[in-house]
Amino acid sequence: MVDLWDGLVQAAWLVLSLDAELADIALRSLYVTLTALLIACAIAFPLAAFLAVRRFRWRRTVIAILNALMGLPPVVVGLVVYVLLSRSGPFGVLGLLFTPTAMIIAQVLILVPLIASIAHQSLRDLWQEYHDLLISLNVTQTQKMRTLLWDARRALLTAALAGFGRGIGEVGAIMIVGGNIDNVTRVLTTAIALETGKGAFALALALGFVLIGLTIVVNLTIHWLGQTEREGRW
Amino acid sequence: MVSALFPLHVDQAETRRRGKRLVGPIDMHLTGTGATVIIGPNGSGKTTLLSLLHGTTRLHAGTIRWQVSTEAARAAQCFVFQRPILLRRSVADNIAYPLRLRGVGRAAALARANEWAERVGLGDMADRPAPMLSGGEQQKLALARALITDPDVLFLDEPCAALDGRAMRDIEGILQAEKAKGTHLILSTHDMGQARRLADEVIFMCGGQVVEHAPATTFFEAPGTPQARAFLNGDIVE
């Protein structure tokens, strides 16, 4: 209990004193996850819309696989990206291993199936609702997908927030491909793992509370910007 | 003025689901003047016939031939559903949607949409989210959204099924105005009063078949088949 209390006090102190190192790793956490989230959404939303409106032979299989990949173990993703980016790997020449870019790549791989699956659920329901009207209006596939994506935007926001939650709290993959290098690839989660390993529980807890606070702030901001939960809106 | 789409020839048309024939074989000939009203008991295939003519139900046998290409015919038609399907957008955005699909700019489309909202009596609700409207208002919105593209043919599937007298009167007023403008209406209805008020010709359906196709006055005064006579008398026809 004393550790928890110490952690809270230290967290408050770190935030109030605008600790430079804390700011550095917190911002890097945000940078890595938000960039990965943006890229993942750009891939996952059109993919989800495509799967909702297009009938093709392996559609059900693709959806089932996508759903299964939601539970993709980050450590394994990290390992695969590590092998691909390592000196002897196919993308070794790019020299990306142990950089924030490598961490972003790993997170995109983890986030795409998750966001696409959640987005697909709501787009599929909306497509059922709109089907007769859009068929009657003779819309093209692209118009169909754009209509669904726009009208389901609030559901997509939820999918994106779920993705953010997974990304910001993720440690397995970015630890492997990032290497937790001080000032280069250290982020909140890897710092917590390190401090815990060193036995500095109070500092680890402090970083943990900062991480939770950050997640809440980002979620609230997005909800406020998206004006969700207002009357008559979607 | 009769649209270039007509006359419409339907020849031995039928549609099936899982091997079971839903509607057909149907032979008919529509000249495209005034309003064609389809009546018949529940499950007689009125909705299926409408969507078959509109081209949204698969034609398994026979032909449906407009005087123009299928594509041009589809572009000149609109369909109003029994239960209005509303986009999760504002009233004005809903009405403007078909124009936006056709590449009209947002400002111009919204201006036209506001005009139409005014015309169907939704003028002061243009900015409201569409799903918050009442049943009658939703159907008026669907009607405005169908009419904004100025279709030659308007299909309506029991447009007033769940509406009260006033909403029905408003909607029939809009339909009469469209009819006077030369739009051909093809609507199904359960309401004999509405059928009498709107119809120029009547198609009576039963069991997926067209039992009788006659001018409205002939049909209502001297129906030619025993089923139609029974239906008009309020007997249960199956």
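Me: What covers the buried residues of α3(B)?

Reply: A word on conventions comes before the case. This is a predicted model, in which local features need pLDDT of at least 70 and side-chain atom pairs count only at pLDDT 80 or more, while totals for chains, interfaces and linings use all residues. Residues are numbered from 1 along each chain as its sequence is written, and chains are lettered from A and ligands numbered from 1 in the order in which they are written. Helices (H or I, at least four residues) and strands (E, at least two) are DSSP runs, numbered from the N terminus. A residue is buried if 20 or more other C-beta atoms lie within 10 Å of its own, exposed if 12 or fewer, and partly exposed in between, with C-beta atoms placed from the backbone. Residues are in contact if their C-beta atoms, placed from the backbone, lie within 7 Å. In this case, the cover of the buried residues of α3(B) includes α4 (106-119) and α5 (135-147) of chain B.

Me: How many of the residues of helix α3 of chain B are buried?

Reply: Nine of the 11 residues of this helix (residues 91-101) are buried, so α3(B) is largely enclosed by the rest of the structure. Among them are B:V91, B:D93, B:N94 and B:Y97. After α3(B) comes B:G103, with a positive phi near 90 degrees.

Me: At what angle do α3(B) and α4(B) pack?

Reply: Two packed helices are described by the angle between their axes and the distance between the axes. Axes are lines fitted to C-alpha atoms, for helices over the stretch in contact, and angles run from 0 to 180 degrees between N-to-C directions. For α3(B) and α4(B) the angle is about 120 degrees and the axes lie 8 Å apart. The two helices are therefore oblique to each other (angles under 35 degrees count as roughly parallel, over 145 as roughly antiparallel, 65 to 115 as roughly perpendicular and the rest as oblique). Their crossing is right-handed; a crossing is left-handed if the near helix is turned anticlockwise from the far one by less than a right angle, and right-handed if clockwise. The contact residues of α3(B) and α4(B) include B:I95 and B:L99 of α3(B) and B:L110 and B:W116 of α4(B). By class, the contact has 10 nonpolar, one polar and three charged residues (Ala, Val, Leu, Ile, Met, Phe, Trp, Tyr, Cys and Pro count as nonpolar, Asp, Glu, Lys and Arg as charged, and the others, Gly among them, as polar).

Me: How far apart are the axes of helix α2 and helix α7 of chain A?

Reply: The axes of α2 (residues 20-53) and α7 (residues 153-168) of chain A are 9 Å apart, at an angle of about 140 degrees. That makes α2(A) oblique to α7(A), and the crossing is right-handed. Among the residues in contact are A:L37 and A:F45 of α2(A) and A:L156 and A:F164 of α7(A). This contact divides into nine nonpolar, four polar and no charged residues.

Me: How many helices and strands are there in chain A?

Reply: Chain A has 10 helices and zero strands, and 37% of its 234 residues count as buried. Chain B, by contrast, has nine helices and nine strands, with 43% of its 238 residues buried.

Me: How many residues does the contact take from chain A and from chain B?

Reply: Each of chain A and chain B gives 14 residues to the contact. On the side of chain A, α5(A) provides the largest share, six residues.

Technical notes
Contact = placed C-beta atoms within 7 Å.
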